[in-house]
Amino acid sequence: MLFDFTKIMCLAVKTCKLCEMYNVIIDRDGVVNRDSDHFIKSVDEWVALPGSLEAIARLSQAQVAVHVATNQSGIARGLFTLAELDAMHRKFRQQLAGYGGEVASIHYCPHGPDDDCDCRKPRPGMYQQIAAAFGFSLEGVPVVGDSLRDLQAAVEVGARPILVRTGKGERTLAAGGLPENTQVYCDLSEFVDNWLAAGRGQPP
Ligand SMILES: [Mg+2]
Ligand SMILES: [Zn+2]
């Protein structure tokens with residue numbers, strides 16, 4: 001009979017280095033699924049970008065917890081309902097499961113630009129909610145987005161800004177003004193491969 005000593009050690013010492021969970025926070029529209037200037041309003045409009053679900057699955061298989069943080073002001077604008085948003089996320093999770101992946105959480109801001117909430121990016125409230133709920137520090141945690149506000153929120157809490165060129169990414173890159181330590185990748189898949197190959201960056 002074989003013993004999994006890793007598990008035994010982790011049960012004994014909750015903080016052992018071997019079982020430290022790594023976390024990644026990703027934006028949704030333009031990173032995981034195709035974006036639209038007219039909002040993603042329905043399950044049918046939610047279409048995964050090529051390779052994005054496979055990339056998340058590779059993170060899952062590497063014991064990385066993937067959290068989604070997404071501005072969804074279409075709710076406040078009355079463009080779609082929370083039920084429709086839930087249905088989009090069911091589709092997302094189901095398709096992802098088909099690749100053997102999962103997301104640890106999906107956080108969304110349902111407010112509009114004039115609501116002055118703390119969760120709408122570029123404010124970092126959603127990232128802070130995730131970190132509090134899952135008990136990890138945001139310091140150095142990769143935050144992958146296609147818009148400047150995803151990265152601004154990351155920098156504000158000491159997380160690592162990663163820009164992908166999918167979705168609005170090319171436009172974001174062309175507009176300039178990115179945080180100076182921003183890393184740029186073609187898409188989520190290229191970031192994941194590089195990050196995993198580099199040993200998931202620095203320990204949290
Ligand atoms: Mg986006
Ligand atoms: Zn909000």
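**Briefing: helix packing and backbone exceptions**

Strand 1, strand 2, helix 3 (82-97) and helix 7 are what the buried residues of helix 2 pack against. The structure is a predicted model, in which local features need pLDDT of at least 70 and side-chain atom pairs count only at pLDDT 80 or more, while totals for chains, interfaces and linings use all residues. Residues are numbered from 1 along each chain as its sequence is written, and chains are lettered from A and ligands numbered from 1 in the order in which they are written.

**Overall architecture**

- The protein chain contains 7 helices and 6 strands; helices (H or I, at least four residues) and strands (E, at least two) are DSSP runs, numbered from the N terminus.
- Read from the N terminus, the order of elements is α-β-α-β-α-β-α-β-α-β-α-β-α.
- Of the 204 residues in the protein chain, 35% are buried. A residue is buried if 20 or more other C-beta atoms lie within 10 Å of its own, exposed if 12 or fewer, and partly exposed in between, with C-beta atoms placed from the backbone.
- Among contacts in the protein chain with a separation of 6 or more, 62% join residues 24 or more positions apart. Two residues are in contact if their C-beta atoms, placed from the backbone, lie within 7 Å.

- Ser 52, Leu 53, Ala 55, Ile 56 and Leu 59 are the buried residues of helix 2. They cover an arc of only 160° around the axis, which puts them on the same side of helix 2; the arc is that of the directions from the helix axis to the C-beta atoms.
- Helix 2 (residues 52-61) packs with helix 7 (residues 188-197) at an angle of about 20°, and their axes are 8 Å apart. Axes are lines fitted to C-alpha atoms, for helices over the stretch in contact, and angles run from 0 to 180 degrees between N-to-C directions.
- The two helices, helix 2 and helix 7, are therefore roughly parallel to each other (angles under 35 degrees count as roughly parallel, over 145 as roughly antiparallel, 65 to 115 as roughly perpendicular and the rest as oblique).
- Helix 2 and helix 7 cross in a left-handed sense, the near helix being turned anticlockwise from the far one by less than a right angle (clockwise would be right-handed).
- On the helix 2 side, Ser 52, Glu 54, Ala 55, Arg 58 and Leu 59 meet Leu 188, Ser 189, Val 192 and Leu 196 of helix 7.
- By class, this contact of helix 2 with helix 7 has 5 nonpolar, 2 polar and 2 charged residues; Ala, Val, Leu, Ile, Met, Phe, Trp, Tyr, Cys and Pro count as nonpolar, Asp, Glu, Lys and Arg as charged, and the others, Gly among them, as polar.

**Helix 4 and Tyr 127**

- Met 126, Tyr 127, Ile 130 and Ala 131 are buried in helix 4 (residues 125-134). Seen down the axis of helix 4, these buried residues fall within an arc of 135°, so they line one face of the helix.
- Ala 132 and Ala 133, on the other side of helix 4, are exposed.
- The cover over the buried residues of helix 4 includes strand 1 (22-26), strand 2 (64-71), strand 3 (105-109), strand 4 (142-145) and helix 5 (148-156).
- Tyr 127 is buried, with 25 other C-beta atoms within 10 Å. Beyond residues up to four places away in sequence, Tyr 127 touches Ile 25, Ala 69, Leu 138, Val 143, Ala 153, Ala 154, Val 157 and Ala 159.
- The C-alpha atoms of Tyr 127 and Ala 153 are separated by 7.9 Å, although these residues are 26 residues apart along the chain.
- Gly 135 follows helix 4 and has a positive phi, near 65°.

**Backbone exceptions in loops**

- Most residues other than glycine have a negative phi, and most peptide bonds are trans.
- A cis peptide bond, with omega about 20°, joins Lys 121 and Pro 122. Pro 122 sits in the loop between strand 3 and helix 4 and is partly exposed, with 15 C-beta neighbours inside 10 Å.
- Apart from neighbours within four places in sequence, Pro 122 contacts Arg 149, Gln 152 and Ala 153. The C-alpha atoms of Pro 122 and Ala 153 are 4.7 Å apart, across 31 residues along the chain.
- Phe 39 is not a glycine, yet has a positive phi of about 70°. Phe 39 belongs to the loop between strand 1 and helix 2 and is partly exposed, with 16 other C-beta atoms within 10 Å.
- Gln 63 lies in the loop between helix 2 and strand 2 and counts as exposed, with 11 C-beta neighbours inside 10 Å.
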